Amino acid sequence: MSQEVLIVPKRDVFGKAAIRDLKKNGLIPAVVYGLTEPPVAIAISPKAVARVLASDTGMNSVMFLQREGTDIKRHVIIKDLQRDPITSRLRHVDFMRVDMTLKVRVKVPVRLVGTAIGVKGMGGVLDFAHREIEIECLPSLIPAHIDVDVTNLAVGDAIRFEQIVLGPNVVITGDAHQVVCSVHGKAAEEELVAPVAAAEPEVAKKGKKDDKK
């Protein structure tokens, strides 16, 4: 869990002019919400946010937000980001308040470990279907990532949510039968394409016969 404390000023002025003023001071708009409390508009340094995103836990880092000029601190996680579509620079951040004694639902990235035998020795293709998995746990137990060992996957094999082992008190939400990754054979794909390709000349021949009629 990140112990970083981010000092943030409250925003009382809104609109395009206010955002321009924030940018001049090296800040961007943000909002804090959650835990049945009203949302609060704040400003924050995009460099501080980028530093959190670059950490091991990234978006799921639990940190303190402290209101500028006060001793008020709240645990939060980053819930959403808005970036400029051209420059990819941060434009806005949504923070969600968290109670360290209450469970939260977050999406955690999946990391595949090893090389599947179906790919290495059988010429298969690995299909990585779910790159994130939603879990439920206490904020202090959120893993940085979920490791999935694919070494023993042969052609035709798959790993589903129900097969993933997580730490105690960490639960995967959603359908347990959803596939995280699987290995498909190239031969099977070629067999599906071949009949279509073979049928095309026959269609062309039929078309020519019809033209002569």
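The model is predicted, so local features need pLDDT of at least 70 and side-chain atom pairs count only at pLDDT 80 or more, while totals for chains, interfaces and linings use all residues. Residues are numbered from 1 along each chain as its sequence is written, and side-chain values use heavy atoms, with hydrogens and water left out.

The overall make-up comes at the start. The protein chain has four helices and 13 strands; helices (H or I, at least four residues) and strands (E, at least two) are DSSP runs, numbered from the N terminus. Of the 213 residues, 32% are buried, where buried means under 20% relative accessible area, exposed over 50%, and partly exposed in between, with a 1.4 Å probe and protein chains only. Among contacts between residues at least 6 apart in sequence, 62% join residues at least 24 apart; contact means heavy atoms within 4.5 Å.

Now the six-stranded sheet. It is open and mixed, in the order E1-E4-E5-E6-E2-E3; strands pair if DSSP finds at least two bridges between them. Strand E1 (5-8) and strand E3 (37-44) are at the edges with a single partner strand each, so one side of each has no neighbour in the sheet. The twist averages 35° from one strand to the next. Axes here are lines fitted to C-alpha atoms, for helices over the stretch in contact, and angles run from 0 to 180 degrees between N-to-C directions.

Within this sheet, strand E5 (residues 73-83) and E6 pair antiparallel over seven bridges, with isoleucine 77 opposite methionine 96 in E6.

Aspartate 94 is in strand E6 (residues 90-97). Beyond four places in sequence, the contacts of aspartate 94 include Val31, Tyr33 and Ile77.

Helix H2 lies across the strands of this sheet, E1 to E6, at about 95° to E5. Arginine 51 is in H2 (residues 46-53) and counts as partly exposed because its relative accessibility is 47%.

The other sheet has three strands, open and antiparallel, in the order E8-E13-E11. Its edge strands are E8 (124-128) and E11 (158-160).
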